[in-house]
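Welcome, and please load the model in your viewer. We will go from one selection to the next.

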Amino acid sequence: MNRFENKIALVTGSTQGIGAACAVRLASEGADIILNGRKFDERAEGLISQITAMGRRATFVAADVSATQNVVNLVNDAIKVYGSIDILVNNAGVEKNHNFLDVTEDEYDFVMDTNLKGIFFGIQAFVKYCVSYNKPGVVVNMSSVHEEIIFPHFAAYCASKGGLKMLTRNLATELAPFNVRINNVAPGAISTPINHALIENAELLEKVLKNIPMKKLGKPEDVAAVVAFLASADAEYVTGSTYFVDGGLTYHYEEQ
Ligand code: NAI
């Protein structure tokens, strides 16, 4: 399949985990890729080599997407690299485990600024570009099952992903006249560095797996496959939705 021939995708937070899998998957179907992270490192270098070896172009643009001006600059710099962007994957995200009563403003801002504010203004910059060049666009946001289900001690994270759910629902209507589609992908428990502590803790892992009907963690590639679908013309009539990639976690029923 070459669903992304002549397409250019910007994937935020793409030097590891789900973002890296998205970058590789989109490239494997023909896209040129703008990788992003806070700073260039050997993982970015490795991904550029991997994507280049697939016959596609890849460039890294450093930006901390939690600050509005940074994310606006990232989108505009990314457009300059290969002359355009067709697909924006807002993947970068952070989480913090805190009792609600202990959360400080800085900790709240760290989560909300990355997971919601940066995405909000990144989409705004991308859509301004699409509108000014009369170009269609596709946005895929990396949400979470926690846009839908609770996660005690992760209140800011849940607030950010819940906000992302409504941002996407709202923008689908507002951006449809501009030919811009926007959807969320909501991963469940995926085997990535963000879940390092969980993967290393057999007891906790067993507890988590009890709640997953498919009884296994997902792979970054499982998420990337759904991102690729939503970014492609196969999903041309899909906007304002969330696709769950969770092994059945969100709506599971536990036998008593
Ligand atoms: P990860 O921690 O392995 O990777 C996240 C990447 O984003 C890292 O490369 C990190 O450096 C980058 N990043 C974080 N803040 C950034 C910032 N301000 N500016 C630029 N880059 C930044 O995480 P993972 O697991 O790959 O998660 C990716 C997305 O998927 C996140 O939005 C996360 O909330 C979401 N997700 C992950 C789940 C999982 O089980 N792994 C479950 C549900 C959602």
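A polar contact here is a pair of N or O atoms within 3.5 Å. Keep in mind that this is a predicted model, where local features need pLDDT of at least 70 and side-chain atom pairs count only at pLDDT 80 or more, while totals for chains, interfaces and linings use all residues. Residues are numbered from 1 along each chain as its sequence is written, and side-chain values use heavy atoms, with hydrogens and water left out.

Select the ligand, then V65: one of its backbone N or O atoms is 3.0 Å from a ligand nitrogen atom. Next, pick N91, where a backbone N or O atom sits 2.8 Å from an oxygen atom of the ligand. At T192, a polar side-chain atom lies 2.5 Å from a ligand oxygen atom. The protein buries 93% of the 820 Å² that the ligand exposes when taken alone (accessible areas by the Shrake-Rupley method with a 1.4 Å probe).

Finally, select helix 3 (residues 68-82) and helix 4 (residues 105-132), which pack at about 35 degrees with axes 8 Å apart (lines fitted to C-alpha atoms over the stretch in contact, with angles from 0 to 180 degrees between N-to-C directions).

Key
Helices (H or I, at least four residues) and strands (E, at least two) are DSSP runs, numbered from the N terminus. A polar contact is a pair of N or O atoms within 3.5 Å; within protein, one must be able to donate a hydrogen and the other to accept it, and residues adjacent in sequence count only if both atoms are side-chain atoms.
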